[in-house]
Amino acid sequence: MKQPRRIAVKVGSNVLTRPDGRLDISRMAALVDQIAELHRRGIQVMLISSGAVASGRGALPEIQDDSVTGRQLFAAVGQAKLIEHYCDLFREYGITVGQILTTRENFTNRQLLANQRRCMKAMIDNNVVPVINENDAVSVKELMFTDNDELSGLVAGMMKAELLVLLSNVDGVYDGNPADSSSQLIRMVYTDDDFSSCVSQTKSQFGRGGMMTKMKTARSVARDGIEVRIANGRRNDVLLDVVFNPDTALCTRFLTVKRK
């Protein structure tokens with residue numbers, strides 16, 4: 001595959017969050033380093049970043065509230081911290097970032113969808129890196145995205161990305177429990193493959209999703225002609241490796257063709 005011109009990168013909460021619930025700034029910095037290198041090589045990057053609610057929980061450890069209102073509170077506090085760190089980290093490379101907080105309605109209403117696409121295109125055309133997240137502070141529970149994996153798939157399709165990279169805390173899809181030494185990483189998934197029986201329904205510690213939702217998103221996006229690669233965002237330089245060396249990188253590739 002030739003070098004993609006435009007990609008969407010989704011990074012999950014478990015990549016950006018330490019075990020104590022606080023933001024992992026060193027991991028954020030490593031991610032920004034890699035995106036800056038992609039940017040330098042002429043690749044347009046849209047970053048779909050989780051971590052706001054988890055960041056808010058870390059900032060307000062005395063509050064234990066799993067209600068919709070509690071989530072809104074954590075998101076409002078955590079999103080401010082998250083974008084502030086991204087601004088500071090990208091500024092070291094002379095890169096400007098812009099924040100887009102969206103909701104499901106923005107993808108179902110034609111006028112809102114067009115406005116959102118126009119804004120994101122203007123950012124990309126002017127070398128601004130969009131940092132995209134669900135607007136959890138105002139989202140109604142019944143209308144929330146399943147998780148940011150679903151959001152990243154919608155963004156990739158809306159902006160006609162050539163590649164979607166989902167960064168998780170595992171190397172990709174396994175044919176069994178990843179913690180089991182006998183399990184093998186599935187390197188390639190074709191559009192007519194179905195490995196759902198191998199994947200656990202367990203959700204991640206700090207996020208709303210899990211590998212099952214990643215796989216559903218990946219299969220749907222690949223069927224629409226956009227290759228998807230799932231990799232471990234906590235590995236050093238994994239994003240660069242996945243983009244430029246997909247044949248040897250530790251990842252699962254969801255191809256846009258059927259198995260021969």
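Let's start with a term: buried means under 20% relative accessible area, exposed means over 50%, and partly exposed is in between (1.4 Å probe, protein chains only). The model here is predicted, so local features need pLDDT of at least 70 and side-chain atom pairs count only at pLDDT 80 or more, while totals for chains, interfaces and linings use all residues. Residues are numbered from 1 along each chain as its sequence is written, and side-chain values use heavy atoms, with hydrogens and water left out.

**Exercise 1.** Work out what links D88 and R91, and where they sit.

*Solution.* 
- Step 1: check the pair for a salt bridge (a side-chain nitrogen of Lys or Arg within 4 Å of a carboxyl oxygen of Asp or Glu). The side chains of D88 and R91 do form one, at 2.8 Å from N to O.
- Step 2: find the helix, remembering that helices are DSSP runs (H or I, at least four residues), numbered from the N terminus. D88 and R91 are 3 residues apart in helix α4 (residues 68-91), about one helical turn.
- Step 3: look at accessibility. R91, at 52%, is exposed, whereas D88, at 35%, is partly exposed.

**Exercise 2.** Find the salt-bridge partners of E37.

*Solution.* 
- Step 1: R40 pairs with E37 at 2.7 Å, N to O. Both lie in helix α2 (residues 25-40), 3 residues apart.
- Step 2: R41 also forms a salt bridge with E37, with the closest N and O atoms 2.9 Å apart.
- Step 3: R40 is exposed at 61%, and R41 is partly exposed at 39%.

**Exercise 3.** How many salt bridges does the structure hold?

*Solution.* The count is 12.

How values were computed: Helices (H or I, at least four residues) and strands (E, at least two) are DSSP runs, numbered from the N terminus.
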